Amino acid sequence: MAGTLTTMNTMQTFSRRSALKKLGTGGVAMAALGQHSGRAAETALPPPRAVPSSTVSSSTDARKLLAERVRQAPLIDTHEHLIEEKERLQGASHPRVPCDDWALLFSHYLDSDLRSAGMPKADLDRFFSSKVDPLTKWKLIAPYWPAVKNTGYAQAVRISIQELYRVEELSEASIAQVQAGYEQTRRAGFYRHILQDRAKIESCQVNCLTGEPFKQSDMPTLLMQDLSIVGMFAGPDVAKYAAPTGIEVNALADWHRVIRWWFDRYAKYAVAVKSQHAYSRDIDYARVPAEKAEPIFRKVLQKEPVTAEERKLLEDHLFWEAVDQATRHNLPVKLHTGYYAGQNSMPLSRLRLNAGSAAELCRLSPETKFVFMHICYPYYEELLAVAKQWTHAHVDMCWSWIINPVAAKDYLKKHIVTAPINKLLPFGADYIPVEPVLGHAVMARQGVTQALAELVEEGWLKLADALELVDAILHQNARKLFRLAQKTEALRQADWIR
């Protein structure tokens, strides 16, 4: 399987269909005309433009050069949900670790494909139970494995199992080796081993899901943290955000002070701010003045009912209060767009609005560095237009390589020839368990290699230009946008680790 990921050897046939395909669009048209118009068709269209010989000497050589350059380059991971290693080592006693065995690798994203394929929830619950013998769990997913094993979610897990445990294929016969590999790998220091030694990831950016708006990590320069702002405006979550500040919240002005406290305390350590509020509504946040939001906020404090219209007004006002603080502190604003995790719950019609709303956010706040995540899949053409049009719009390809690796490669190809390359962030594995990050990184590197190689082969890029893009795509853009050198220095001196 590893060989499949580094080189794509295609068997060539000489059927009439493949021959026409090789002719290109113009050639197919000429062949079709020739069937009906005789020799006149041969001169009806000009011959296809030849690719200059200087563009690429050999398709195979170009791919090898690009693959090696991509393989060697350090990678910045701009989106994860990883819990701390010490928390992971607590095993199933931690709420984000349902079981401490090989099934855990299936617990984030691949579980959704299994459910979508028809696996009953009761069987999935047993599969993730810490009370079920790991060696018997294969029988629970075996009926559904053929249906899901080729999805991006499954490929990331399969690659990780192959790379970490040396198991080529999952089967009832191989599960004992998988479980043994899991136990041997999951030991102190395995985060750095998987992320840095194996995946060549320089640093990760973590959106903490264990409750803290900002996680004071034990590995702060490896697991860099976003400051979560969603609770600042959705709800808002007064109890969680106000308690550490010591500020008593009786009015909207008090809540503004709470928001500012979080930025004053953590902005120098955070790499960005993050909101996944698009799971609940569109990202069409209007600038609402405080006087309109104040009476609604008082209702919320007093636990009085508010209408949907009122709730949107309050959310919109508080969103911009948080975003303006992020802008003041030079923190990029990461916003979820597009596809939803899970199954049987996604309102696709709402997702169609995200890209248009992203453009409006850019118009409303020209000084804010917006990072629109997940390529707004499946509406990535629209988001590409936003990146091309707006100076401060960036696109993060996090998660996209396992949602649809072919679409992700397609997006990357189109971005390279459409929008400035410094607007692109190519990778974030988006996982809670650390092991599948390796598989996802392998897939992303494969996709980057394929996108660049295809552009060279198709004549849209010179090989020298493609090779020059590798470092910019894989790490230089992220280092600059998130000011990672400055953040690393601040985190080395963070007060919670001194």
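In the predicted model, H336 is buried, with a relative accessible area of 2%, a value that falls under the 20% limit for burial. The residue belongs to strand β5, which comprises residues 333-336. Leaving aside residues up to four places away in sequence, the contacts of H336 are with S275, Q276, A278, Y279, I283, M373, H374 and W399. A polar atom of the H336 side chain lies 3.4 Å from the backbone oxygen of G338. Although H336 and V371 are separated by 35 residues in sequence, their C-alpha atoms are 8.7 Å apart in space.

Strand β5 is part of an open sheet of 8 strands, which are arranged in the order β1-β2-β3-β4-β5-β6-β7-β8 with parallel pairing. The pairing of β1 with strand β2 (residues 201-206) is parallel and extends over 4 bridges, and D77 stands opposite C204 of β2. Helix α11 (residues 190-198) packs on the sheet, where it touches β2 and β3 (223-228), and the direction of helix α11 makes an angle of about 115° with that of β2.

Elsewhere on the sheet, helix α18 (residues 354-364) lies across β5, β6 (370-373) and β7 (393-396), running at about 170° to β6.

Conventions:
Residues numbered from 1 in each chain as written. Predicted model: local features only at pLDDT ≥ 70, side-chain atom pairs only at ≥ 80, totals over all residues. Heavy atoms only, no water. Helix = DSSP H or I, 4+ residues; strand = E, 2+ residues; numbered from the N terminus. Buried < 20%, exposed > 50% of the residue type's maximum accessible area, 1.4 Å probe, protein only. Contact = heavy atoms within 4.5 Å. Polar contact = N/O pair within 3.5 Å; in protein donor to acceptor, adjacent residues only side chain to side chain. Pairing = 2+ DSSP bridges. Axes fitted to C-alpha atoms, helices over the stretch in contact; angles between N-to-C directions.
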